[in-house]
Amino acid sequence: MRALISVSDKRGVVDFARALRDLGWEVIATGGTMKLLRDSGVETVNISDVTGFPEICDGRVKTLHPAVHGGLLARRDDPAHVAALKENGIGFIDLVCVNLYPFRETIARPDVTFGEAIENIDIGGPSMLRSAAKNWADVTVVCDPADYDAVLGELRAAGATQRETRLRLSAKAFTHTAEYDAMIAAYMRRQAGLSEKLFLEFDLVQQLRYGENPHQSARFYRTDHKVPYSLAFARQLNGKELSYNNIQDANAALNIVREFDEPFCVGVKHMNPCGAAVGRDVAEAWRRAYEADEVSIFGGIVAVNRPLTREAAELMKPVFLEIIMAPAFEEGALEVLRTKKNLRLLEVRMERSDERPVQYVGVNGGLLVQELDLDTKPLTADMCVTRRRPTGAQMSDLEFGWRIVKHVKSNALVAVRDGRTLGVGAGQMNRVGSAEIALRQARAAGFTEGIVLASDGFFPFDDCVTLAADYGVEAIVQPGGSIRDEDSVRKADERGIAMLFTGERHFKH
């Protein structure tokens with residue numbers, strides 16, 4: 001029995017090869033793998049002695065030879081195949097242990113050159129894996145060090161691997177080469193500026209209990225590299241497993257949190273913020289966010305952008321919450337919150353990154369792809385289009401509202417005062433309907449003056465301005481761009497409201 005070993009990931013390969021030798025197998029190896037095995041005292045045959053041809057072109061050509069692929073692809077139950085190998089002096093290869101050049105790790109380096117990426121495209125490795133995987137009925141193919149022990153166990157027990165094992169390993173090898181080729185294709189297409197095809201690779205995180213509703217099945221997948229503000233790479237410290245709706249809501253909360261550098265807290269329900277505030281510290285931010293809407297936060301998702309302190313945890317504990325997310329949890333906070341066994345506590349990386357995340361949205365028979373809406377234009381005094389100018393405090397509140405409203409379902413209006421939300425109007429079919437919801441909430445909370453209002457889209461009429469004035473709004477920020485902008489500006493001037501046009505829209509469907 002002969003095994004061919006050629007690996008880039010050399011974890012456990014010495015012990016694996018030594019165990020094969022102890023079982024009476026001949027071990028063939030290439031280049032660096034051969035050197036490692038021989039240096040470790042494992043008797044090894046050089047691939048060049050099998051092919052009768054030296055490695056050439058700096059190792060680019062070494063296993064692309066009939067002595068290798070004939071030995072892998074020949075069917076043992078086909079007399080013509082067996083005769084062909086005998087006639088050409090080729091021996092069977094019964095096991096292939098191969099993993100591929102580290103292309104993903106190479107292109108992940110910020111300083112990688114195109115030439116370095118090209119040199120880390122494996123050719124012989126995928127060819128051997130595919131040959132062995134195609135002939136799985138006769139050949140065992142191993143591409144993952146995690147499978148070494150299971151393969152050795154079957155060889156020791158029965159002298160051969162089981163048919164079911166070979167089939168599983170074949171599927172795993174084809175998956176490995178498919179992922180590898182897709183990764184290379186995606187990289188090369190980026191270099192060539194091509195976009196007419198999209199290659200995606202996501203790994204299963206968990207099978208969810210159900211989807212948006214109990215009769216829908218669902219799974220949770222993640223990308224192949226870690227990104228900040230991602231629930232897919234969060235560390236769960238407490239509580240039961242996440243549901244489909246938990247994941248959606250938590251993702252919305254993380255997108256809002258990344259807007260703020262100062263201590264900030266947001267509560268989310270049904271992917272909309274129901275309370276958000278800044279504060280001197282995370283405890284104050286939580287208190288102010290909670291007081292913004294004590295009813296809607298019940299059963300909600302909370303995210304903060306500072307390590308959660310024991311003080312904040314004590315304030316949160318009496319409130320029924322589904323999830324609390326933070327970049328870290330102080331030990332005292334964990335001590336307090338772990339008494340609630342179902343409360344999910346998630347530690348999420350929240351450092352800034354230059355990466356431009358992409359958002360995928362499935363539609364029937366298709367997929368929409370866009371950059372995530374990360375950029376938020378800072379507000380400046382020259383954006384004011386009315387006679388009245390906002391005060392410094394109002395500018396601060398307008399900035400806060402502008403960063404919140406972009407994360408509210410359109411049509412979206414947010415009422416703000418003193419760095420916290422007073423009311424949130426979301427998802428109505430007309431903009432004045434959302435304004436009424438937000439402003440009624442603000443009035444119900446006892447606020448009738450000093451309010452600012454943020455809108456994700458322009459006002460098509462002056463009705464929102466009129467309504468805002470009736471509810472004590474003193475400043476408004478909106479994108480502008482309506483053919484009737486002048487009506488809104490005129491009404492704002494009549495009612496003594498300051499208004500800013502940003503020239504930037506933030507629809508969220």
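In which strand does Gln478 lie? Keep that in mind while you load the whole chain.

This is a predicted model, with local features needing pLDDT of at least 70 and side-chain atom pairs counting only at pLDDT 80 or more, while totals for chains, interfaces and linings use all residues. Residues are numbered from 1 along each chain as its sequence is written, and side-chain values use heavy atoms, with hydrogens and water left out.

**Whole chain.** Show the cartoon: there are 18 helices and 20 strands, taken as DSSP runs (H or I, at least four residues, for helices; E, at least two, for strands) and numbered from the N terminus. Along its principal axes, the C-alpha trace spans about 100 × 50 × 45 Å. Colour by burial next, and 49% of the 509 residues come up as buried (under 20% relative accessible area, 1.4 Å probe, protein chains only).

**Strand β19.** Now select residues 473–478: this is strand β19, and Gln478 lies in it. Gln478 counts as buried because its relative accessibility is 0%.

**Surroundings.** Finally, select what is in contact with Gln478 (heavy atoms within 4.5 Å). Leaving aside neighbours within four places in sequence, you will find Ser455, Gly457, Phe458 and Phe459, then Ser488, and then Met499, Leu500, Phe501 and Thr502.

Technical notes: Buried < 20%, exposed > 50% of the residue type's maximum accessible area, 1.4 Å probe, protein only.
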